[in-house]
Amino acid sequence: MAGAADPAGPAPYPPRVAVIGAGPAGLYTTAALLDGDPDVHVDVLDRLPAPYGLVRYGVAPDHLKMKSVIRALAGTFDHADRVRFLGNVPVGEHGVPAEVLRVHYHAVVHATGSAIDRDLGVPGEELTGSVGSGEFVSWYCGHPDAAGPGPALDHPGAVVVGAGNVALDVARILTRPADDLAATDAHDAVLEALRRSAITDVHVLVRRDPEHARFTPAELRALPGITGVEIDVDDDHALDEPVPPEDDRRTRQNLETLTDWRDHPPGAGGRRHLHLHFLRRPVRLLDDGTGRVGRVEIERTEMTPDGGVRGTGELSVLDAGLVVRAVGHVAEPVPGLPFDAATGTVPHVAGRVVLGGEPVRGSYVAGWLKRGPTGVIGTNKHDGTETAQSVLADLPGLAAPPRPGGDAVPERLRALGIEPVAWSDWLRLDDAERALGAARGGTERVKIAEWDAMLDAARGPRDRT
Ligand code: NAP
């Protein structure tokens with residue numbers, strides 16, 4: 001597309017797009033925008049001083065292969081003349097107001113994900129020691145909002161609720177020997193807490209039968225690779241049922257694996273136990289007398305003919321000083337955008353935000369904010385491309401922003417008291433993390449997790465005032 005002409009002035013200028021969120025959804029969208037139109041300029045804004053969103057702060061540290069996608073995402077910034085990273089820039093209620101973005105950009109793509117943990121809706125959920133998976137994963141991934149000692153791991157029992165890949169990630173990190181994680185980017189404080197962990201039994205509660213669990217075969221099969229961990233499958237005889245012929249490959253693989261493990265528990269005699277309990281749900285978290293969870297009352301469930309789940313009234317109790325609710329996420333509503341509270345997403349058509357059936361001009365969504373918390377990292381490539389195509393198709397008809405200039409944005413941010421972290425600053429922080437990795441030995445990097453330390457490393461000694 002040729003540069004958009006400003007109807008109020010003679011000089012044509014390139015179309016400018018702001019992408020909010022430097023995770024895989026935002027960066028795949030950015031790449032598709034840059035590839036799709038040689039004139040388009042994109043600013044990628046993120047409230048964190050580091051890019052890569054869920055790849056950096058959601059993919060478990062021991063999933064090194066999955067993190068290698070960072071190399072491809074970083075390549076987005078190779079178009080240095082047309083794309084900028086503006087980190088440390090919060091957008092919304094406590095940051096840059098939406099009106100400010102409209103002053104500088106033709107279009108804004110929101111790709112801020114689904115940051116809020118879903119509740120279980122059972123009594124006792126508010127007790128100390130009961131945490132959402134987002135909070136727990138953020139801690140072990142070294143997210144600056146979760147830096148610190150993390151939840152206490154001083155009780156032998158822990159419960160993880162849910163049958164998705166996040167539940168398996170959490171169960172794996174809780175059972176894996178901390179020394180295995182030394183060869184990852186895990187922050188020292190996380191390694192130390194896991195080293196001191198008293199947890200011996202991790203109970204994963206799956207409310208459905210094995211056939212209807214959501215985790216993927218690859219994630220399931222990663223569990224027996226953990227040294228010194230026995231895996232026990234409590235299937236409530238559901239695995240004795242014949243496999244329905246209509247089941248897909250993923251389900252069949254899960255069922256084969258689980259049947260094999262039930263009959264021959266991997267890691268038999270291991271120091272730690274990972275119990276996969278099917279057809280069980282938590283009904284109450286019980287106070288240990290200090291305001292902290294000490295036990296979990298669970299109920300046997302059964303599948304209903306229509307594929308639902310109901311309780312049977314048969315109760316039992318598990319000892320647990322930690323309960324991680326890995327039951328999905330919802331997005332935080334974006335000020336000024338419509339929001340569907342039932343799905344926790346922004347209504348859209350092909351990435352165009354829609355209100356009352358009409359597109360909201362210049363507003364787009366990508367990633368989990370658009371489609372909900374589903375799919376793997378790569379799913380965002382197709383998703384981001386779809387959104388980028390909608391943006392590119394609309395750009396010629398979008399109103400010119402009053403102040404589209406490249407320098408106007410950082411100037412405006414500074415006027416709002418926000419000092420953005422540029423790509424070159426991030427590379428300095430990246431170098432500092434690699435230096436920590438070299439110092440630990442055997443790992444590419446060690447995360448810097450505290451806000452101040454991240455900003456200091458990004459800006460270098462010259463800006464420490
Ligand atoms: P998910 O796949 O949607 O799983 C959520 C689980 O929570 C489901 O098993 C659900 O059971 C259960 N659940 C919901 N409400 C519940 C309740 N009130 N009580 C008990 N159980 C409840 O979500 P996720 O694990 O957070 O994963 C999000 C996405 O990220 C998924 O697409 C996942 O594959 C992806 N991911 C991928 C990887 C990887 O590839 N390595 C790693 C992590 C995450 P029902 O089915 O009964 O509703």
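**The ligand shell, salt bridges and positive phi angles**

Biologist: What makes up the shell around the ligand, by class?

Modeller: By class, the shell has 10 nonpolar, 7 polar and 5 charged residues, where Ala, Val, Leu, Ile, Met, Phe, Trp, Tyr, Cys and Pro count as nonpolar, Asp, Glu, Lys and Arg as charged, and the others, Gly among them, as polar. This is a predicted model, in which local features need pLDDT of at least 70 and side-chain atom pairs count only at pLDDT 80 or more, while totals for chains, interfaces and linings use all residues. Residues are numbered from 1 along each chain as its sequence is written, and side-chain values use heavy atoms, with hydrogens and water left out.

Biologist: How do you know which residues surround the ligand, and which are the closest?

Modeller: A residue is near a molecule if one of its heavy atoms lies within 4 Å of it; 22 residues surround the ligand, and the closest are A163, R207, R208, R214 and G375. Helix α7 (residues 165-175) gives the largest share of this shell, 3 residues, helices (H or I, at least four residues) and strands (E, at least two) being DSSP runs numbered from the N terminus.

Biologist: Why is the ligand said to lie between domain 1 and domain 2?

Modeller: Domain 1 (13-115 + 331-421) and domain 2 (117-328) both give residues to the shell, so the ligand lies between them; the bounds come from an automatic or database domain assignment.

Biologist: Why is the pairing of R262 with D235 called a salt bridge?

Modeller: The term requires a side-chain nitrogen of Lys or Arg within 4 Å of a carboxyl oxygen of Asp or Glu, and the closest N and O atoms of R262 and D235 are 3.1 Å apart, so the pair qualifies. R262 in helix α10 (residues 249-263) and D235 in the loop between β11 (229-234) and α10 are 27 residues apart. By this rule the count comes to 36 salt bridges.

Biologist: What makes the salt bridge of E297 and R284 a tie between separate parts of the chain?

Modeller: The side chains meet at 3.1 Å, N to O; E297 lies in strand β14 (residues 293-303) and R284 in strand β13 (residues 280-287), so the pair ties together parts that are 13 residues apart in sequence. E297 counts as buried at 14% relative accessibility, and R284 as partly exposed at 35%.

Biologist: What makes the phi of Y52 worth a remark?

Modeller: Phi of Y52 is near 90°, a positive value in a residue other than glycine. Y52 is found in the loop between β4 (41-45) and α2 (53-57), and its relative accessibility of 4% counts as buried.

Notes:
Buried means under 20% relative accessible area, exposed over 50%, partly exposed in between (1.4 Å probe, protein chains only).
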